[in-house]
Amino acid sequence: MNSKEIFDLVDNFSKLENKEADFLDIELILAEKLKEIYFKDRNTFFNILYRIDVDESKSMEALQNIDEKKAFGTLARIIIERQIQKNNSKRNNDWEFDI
């Protein structure tokens, strides 16, 4: 497992057509991969969260959950929500110039 796999999953959000099943599938896969990286290499794990620009207080709150499955599922949802927010912002700020 490497960070490239996480970023590939995150990049797939922009290609989805709002299909709930796709989001749920990605959420489950992302949660499992996050859990794997967290227990294997915490520095890489936190670097990934930083690069994705996840709110630190939200991620730390999610990790406080005793139930691992719920903790990493919540974290996956936070990442998905952040990616959607970034995609929407980018879409709203794309300007076309007529020359």
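Colleague: Which backbone nitrogen does a side-chain oxygen of Asp41 reach at the start of α3?

Modeller: The backbone nitrogen of Asn43, to within 3.2 Å. Such a polar contact is a pair of N or O atoms within 3.5 Å; within protein, one must be able to donate a hydrogen and the other to accept it, and residues adjacent in sequence count only if both atoms are side-chain atoms. Before we go on, please note that this is a predicted model, where local features need pLDDT of at least 70, side-chain atom pairs count only at pLDDT 80 or more, and totals for chains, interfaces and linings use all residues. Residues are numbered from 1 along each chain as its sequence is written, and side-chain values use heavy atoms, with hydrogens and water left out.

Colleague: Thanks! How many helices and strands does the chain have?

Modeller: Helices (H or I, at least four residues) and strands (E, at least two) are DSSP runs, numbered from the N terminus. Here there are five helices and zero strands, so the order from the N terminus reads α-α-α-α-α.

Colleague: Which residues of α3 are buried?

Modeller: Buried means under 20% relative accessible area, exposed over 50%, and partly exposed in between, with a 1.4 Å probe and protein chains only. In helix α3, residues 42-52, the buried ones are Phe45, Ile48, Leu49 and Ile52. Seen down the axis of α3, they fall within an arc of 95 degrees, so they line one face of the helix. That arc is taken from the directions from the helix axis to the C-beta atoms. Asn43, Tyr50 and Arg51 are exposed on the other side of α3.

Colleague: Why do residues three or four places apart point the same way?

Modeller: An α-helix has 3.6 residues a turn, so residues at that spacing point the same way.

Colleague: What share of the chain is buried?

Modeller: Of the 99 residues in the chain, 33% are buried. A nonpolar core is a set of buried Ala, Val, Leu, Ile, Met, Phe, Trp, Tyr and Cys residues joined through side-chain atoms within 4.5 Å. The largest one has 20 residues, and those touching the most other members are Ile6, Leu30, Leu34, Phe45, Phe72, Leu75 and Ile79. Helices α2, α3, α4 and α5 each supply at least two residues of this core.

Colleague: Is Glu27 buried or exposed?

Modeller: Glu27 is buried, with a relative accessible area of 15%, whereas Arg77 is partly exposed at 35%.

Colleague: Which residue forms a salt bridge with Lys35?

Modeller: Glu68, at 3.3 Å from N to O. Lys35 lies in helix α2 and Glu68 in helix α5, 33 residues apart. Lys35 is partly exposed at 27% relative accessibility, and Glu68 is partly exposed at 36%.

Colleague: Where does Asp53 sit?

Modeller: Asp53 is in the loop between α3 and α4 (56-63). Just after α3, Asp53 takes a positive phi of about 75 degrees. Asp53 also forms a salt bridge with Arg82, with the closest N and O atoms 2.5 Å apart.

Definitions and conventions. Salt bridge = Lys/Arg side-chain N within 4 Å of Asp/Glu carboxyl O.
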